[in-house]
Amino acid sequence: MAYSRSLASTFFKTLIIGALSLLATGCATSNGPLATLESNKANVPAIDYEMVGIPLLYQGFGSSVPITKDLSLTAAHVAKVNWDSVVAYHPECDIAIIKSDNSKVTSFPDMGLVYANETVITYGKDGFGNLLSGKGVYHIDLNFTNNSYFKKCNASITDAPIREGMSGGGAFNERGDLVGIISSMASTYNTRLANGEKLPYERLSLFVSLNFVKDWLNSEVDNFYRSKDSVLTWNPAATNDGQLANSL
C-alpha cells in the first residue's frame, strides 16, 4: 500500500503472478535473515503463537497480535484453521479478528500507518515459539491477480524478512505502531508487473495494511464491546497528507 511522505494510496498496479506461497501452507523457507528476540524485552510487541490444523493429523503454526484484552489480529488463512474463536473475517483481505485471553499483556500497540521508503519491522513466531524479527523498508502496494486474498485487496510490499509461522504476525513502523498483518511471501523471480518487468526489491514480503481495513476494524471491535466510542487507538501523527509516491 504508497505516498512519498504519506501512506500508500488505493492507486496500485496490477501484477501477473507466477508464484505466491502462503506461509501457513507449510513452506519451510524464509526469505532473509531474522533476529531471535526475548519476548519480555523492552519495546518488543506482544506476539502470540497460533497452533493450526487437526491434532495428530496435520498441525502447523502461525502468529497473532494482541490488540485488546480480549481480541487479537491474525491472517485470515491462519484463523480459518487455528483453534481460536473468530470474531470477524475481512470480506476481501487476508486478515481476521480472533478472541484471545490477553489479560497478561501489559501494553497494546497503537494502530498506525507507514509511509513509502520508511522502515518496517516484522514480528512473528517460529515453530518452537521463538519470537523472530526482520527489518526492511515499505515500498509500494500491489494487486495480485491470481490470488484471492490480493485480487481485490492491496498487498503492501516490504523487503523486511519473514518466514514460516510469521503469518498473522505484525508489521510495525519505527514508532512502534502496528501498521499491518503479515500474510505471505512472493517469489522475486516469478513475480512480474503487467508489462513483464520484475520488481526491483531484494525480497517480497506481503502484509495487509491496517489503513485499508481501518473502517472494518474499528466497526468490528466497537461492535464486539458494544461501545459507541472508538476502542482502538490510532496514532494521531498518522495522517493522510502529503504527495502520492510514484507507482511502478
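This is a predicted model: local features need pLDDT of at least 70, side-chain atom pairs count only at pLDDT 80 or more; totals for chains, interfaces and linings use all residues.
Two residues are said to be in contact here when they have heavy atoms within 4.5 Å of each other. Setting aside its neighbours within four places in sequence, L73 is in contact with S64, V65, I67, I95, A96, I97, G168, L178, I181, L210 and L217.

Now widen the selection to the largest nonpolar core, which has 40 residues, and in which L73 is listed with I67, I95, L178, L210 and L217 as having the most contacts inside the core. Several elements each supply at least two residues of this core, including β6 (71-74), β13 (178-186) and α3 (214-224), while the largest share, four residues, comes from β10. A second, separate core can be coloured next: it has seven residues, among them V120, Y138, A171 and F207.

From L73, step to one of its contacts, S64, which is found in strand β5 (residues 58-66). S64 counts as buried because its relative accessible area is 0%, and buried means under 20%. Apart from neighbours within four places in sequence, S64 is in contact with I47, D48, E50, S72, L73, T74, I98, G168 and G169. Show the side chains of S64 and E50 together, and you will find that a polar contact of 2.7 Å joins them.

The next stop is helix α3, whose buried residues are W216, L217, N218, V221 and D222. Just after α3, select R226, which takes a positive phi of about 50°.

Move on to N147, which lies in the loop between β10 and α2. Is N147 buried or exposed? At 11% relative accessibility, N147 counts as buried, and its side chain reaches the backbone nitrogen of Y149 at 3.0 Å.

Finish at the largest pocket, which has a volume of about 450 Å³. Of the 23 residues that line this pocket, select N43, V44, P45, A46 and G176, as these are the closest to its centre. Colouring the whole lining by class will show eleven nonpolar, seven polar and five charged residues.

Terms used:
Residues are numbered from 1 along each chain as its sequence is written. Side-chain values use heavy atoms; hydrogens and water are left out. On a 1 Å grid over the protein atoms alone, a cavity is a set of points where a 1.4 Å probe fits but cannot get out, and a pocket is an open set with protein on both sides within 12 Å along at least five of seven lines; lining residues have an atom within 4 Å of a point. Grid points are joined across faces, edges and corners, and a volume is the space filled by probe spheres set on the points. Ala, Val, Leu, Ile, Met, Phe, Trp, Tyr, Cys and Pro count as nonpolar, Asp, Glu, Lys and Arg as charged, and the others, Gly among them, as polar. A nonpolar core is a set of buried Ala, Val, Leu, Ile, Met, Phe, Trp, Tyr and Cys residues joined through side-chain atoms within 4.5 Å. Buried means under 20% relative accessible area, exposed over 50%, partly exposed in between (1.4 Å probe, protein chains only). A polar contact is a pair of N or O atoms within 3.5 Å; within protein, one must be able to donate a hydrogen and the other to accept it, and residues adjacent in sequence count only if both atoms are side-chain atoms.
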